[in-house]
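Dear colleague,

Please find below the sequence and structure that I am handing over to you. I would be grateful if you would read the notes with the structure open beside them.

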Amino acid sequence: MHGIAQQPLYKPDLVGPAVNYITNGNMETWTTPTNLGTWVESIAGTSAVNREATIVEQGTYSAKLTAD
């Protein structure tokens with residue numbers, strides 16, 4: 001997965017709005033502060049996936065990954 005963080009999660013459409021190719025790829029839809037909507041979190045030990053509202057690229061939320 002080298003370099004995947006540098007790839008956009010959507011493809012701009014020149015005649016219409018951007019198309020999101022990954023479901024909830026913008027990390028905006030959370031069912032709880034620790035459950036990222038349609039994503040399945042697989043964590044072990046003290047690692048965590050949490051909703052982050054203070055550091056975002058666009059929108060309201062981002063995902064904060066904490067690894068032990």
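The notes below begin with the chain as a whole and then turn to one loop.

This is a predicted model, in which local features need pLDDT of at least 70 and side-chain atom pairs count only at pLDDT 80 or more, while totals for chains, interfaces and linings use all residues. Residues are numbered from 1 along each chain as its sequence is written, and side-chain values use heavy atoms, with hydrogens and water left out.

**The chain and its confidence**

The protein chain has 0 helices and 4 strands, in the order β-β-β-β from the N terminus. Strands (E, at least two residues) and helices (H or I, at least four) are DSSP runs, numbered from the N terminus. The mean pLDDT (the predictor's confidence in each residue, from 0 to 100) is 79 for the protein chain, and 71% of the residues score at least 70. Confidence is highest in β3, with a mean of 92, and lowest in strand β1 (residues 10–11), with a mean of 58. Where pLDDT is low, the predicted coordinates should not be read in detail.

Of the 68 residues in the protein chain, 12% are buried; buried means under 20% relative accessible area, exposed means over 50%, and partly exposed lies in between (1.4 Å probe, protein chains only). The accessible surface of the chain is about 5,600 Å², and carbon and sulfur atoms account for 58% of this area. Such areas come from the Shrake-Rupley method with a 1.4 Å probe; for residues, only the protein chains shown count as cover.

**The loop between β2 and β3**

Trp39 is located in the loop between β2 (19–20) and β3 (48–52). Trp39 counts as partly exposed because its relative accessible area is 34%. Asn24, at 9%, is buried, whereas Met27 is partly exposed at 21%.

Two of these residues have a backbone angle that deserves a look. Asn24 has a positive phi of about 55 degrees although it is not a glycine, and Met27 has a positive phi of about 60 degrees, again without being a glycine. Most residues other than glycine have a negative phi.

Trp39 and Asn24 are 15 residues apart along the chain, and their C-alpha atoms are separated by 7.8 Å. Residues up to four places away in sequence aside, Trp39 touches Ile22, Thr23, Asn24, Gly25 and Met27; contact means heavy atoms within 4.5 Å.

The side chain of Trp39 reaches the backbone oxygen of Thr23 at 3.5 Å, and the side chain of Asn24 reaches the backbone nitrogen of Glu28 at 3.2 Å.

**A surface patch**

Which residues make the nonpolar surface patch of about 310 Å²? Tyr21, Ile22 and Trp39 make this patch.

With kind regards

Definitions and conventions:
Patch = residues over 30% accessible without salt bridge, like charges linked within 9 Å, V, L, I, M, F, W, Y side chains within 5 Å. Salt bridge = Lys/Arg side-chain N within 4 Å of Asp/Glu carboxyl O. Polar contact = N/O pair within 3.5 Å; in protein donor to acceptor, adjacent residues only side chain to side chain.
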